[in-house]
Amino acid sequence: MSRRKKNFPCGHKGYGQICHKCAQQQAEQNQKKQEKNAWESTFATDPIDLRALPKNVVLKAREIIQGLQNQKNYREFHGKRLRHDRFIISIPVTRHYRLLCRDYGNFLVPEAVISHEDYNVCKPGS
Ligand SMILES: [Zn+2]
């Protein structure tokens, strides 16, 4: 059996009925798409919307939210009460993002993850 490379319409050269380079690219694209869909579907279970945030911030924020749900103290995450609103607790997520939670006495409810810039804007007097 002679194995001769042939020219596919896509411009690649190869053996067989279909271009394996293109087939491979297609498979990689499908995989990326699936990973993206899988990632997007994880946001459905978050108590607050984290969609707009970078991936590392999302993962870290979830870790903290999970910890709070498991009765960990916000101080373990270096959280602090806001000076002008003692019922809001600010927990650093990364250097640039913080998680704001409302203190209901016995439990904390996550309200939002905001960037450092937004945080400074909502601080009165600065
Ligand atoms: Zn091809």
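Start by selecting Glu111 and Arg102: they form a salt bridge, with the closest N and O atoms 3.1 Å apart. (A salt bridge here is a side-chain nitrogen of Lys or Arg within 4 Å of a carboxyl oxygen of Asp or Glu.) Glu111 is partly exposed at 38% relative accessibility, and Arg102 is partly exposed too, at 27%. For these labels, buried means under 20% relative accessible area, exposed means over 50%, and partly exposed is in between, using a 1.4 Å probe and protein chains only.

Some ground rules before moving on: this is a predicted model, where local features need pLDDT of at least 70 and side-chain atom pairs count only at pLDDT 80 or more, while totals for chains, interfaces and linings use all residues. Residues are numbered from 1 along each chain as its sequence is written, and side-chain values use heavy atoms, with hydrogens and water left out.

How many salt bridges does the structure hold? There are five. Select Arg81 and Asp103 for another one, where the closest N and O atoms are 2.8 Å apart. That pair links distant parts of the chain, with Arg81 in strand E3 (residues 80-81) and Asp103 in strand E5, 22 residues apart. Helices (H or I, at least four residues) and strands (E, at least two) are DSSP runs, numbered from the N terminus. Arg81 is partly exposed at 29% relative accessibility, whereas Asp103 is buried at 14% relative accessible area.

**The sheet**

Now colour the strands. Four of them form an open sheet in the order E3-E4-E5-E6, with antiparallel pairing. E3 and E6 are the edge strands, each pairing on one side only. (Two strands pair if DSSP finds at least two bridges between them.)

Begin at E3 and work across:

- E3 to E4: two bridges join these antiparallel strands, and a hairpin connects them through six residues. Select Lys80 and you'll find its bridge partner in E4, Ser90.
- E4 to E5: five bridges here, again antiparallel, with four residues between the strands in the hairpin. Ser90 stands opposite Leu100 in E5, and Pro92 has Arg98 as its bridge partner in E5.
- E5 to E6: seven bridges, in the antiparallel sense. Leu100 is partnered by Ala112 in E6, and Tyr97 by Ser115 in E6. The hairpin has four residues between the strands, and Gly105 in the turn takes a positive phi of about 95 degrees.

Four of the five residues of E4 are buried, so E4 is largely enclosed by the rest of the structure. Six of the seven residues of E5 are buried, so E5 is largely enclosed as well.

**Helix H2**

Next, select residues 55-69. This is helix H2, 15 residues reaching 21 Å from first C-alpha to last, close to the 21 Å expected at 1.5 Å a residue; the expected span is 1.5 Å times one less than the number of residues.

Which residues of H2 are buried? They are Val57, Val58, Ala61, Arg62, Ile64, Ile65, Gly67 and Leu68. Show what surrounds them: these buried residues pack against helix H1 (20-41), strand E4 (88-92), strand E5 (97-103) and strand E6 (108-115), with contact meaning heavy atoms within 4.5 Å. Just after H2, check Gln71, which has a positive phi of about 70 degrees.

Stay with Arg62 for a moment. Arg62 forms a salt bridge with Asp46, the closest N and O atoms being 2.9 Å apart. Arg62 is in helix H2 and Asp46 is in the loop between H1 and H2, so the pair ties together parts 16 residues apart in sequence. Both Arg62 and Asp46 are buried.

**The zinc site**

Last stop: select the zinc ion. Which protein atoms are its donors? They are Cys10 (SG), His12 (ND1), Cys19 (SG) and Cys22 (SG), lying 2.0 to 2.3 Å from the zinc ion. Donors are N, O and S atoms within 2.8 Å of the metal (3.2 Å for Na, K and Ca); water is not among the atoms, so sites may look incomplete. Along the chain, the zinc donors follow the spacing C-x1-H-x6-C-x2-C.

Try the angle tool here: the four donor atoms subtend 103 to 114 degrees around the zinc ion, which makes the arrangement tetrahedral.

Definitions and conventions
Tetrahedral: all angles 85-135°; square planar, octahedral: opposite > 155°, others 65-115°.
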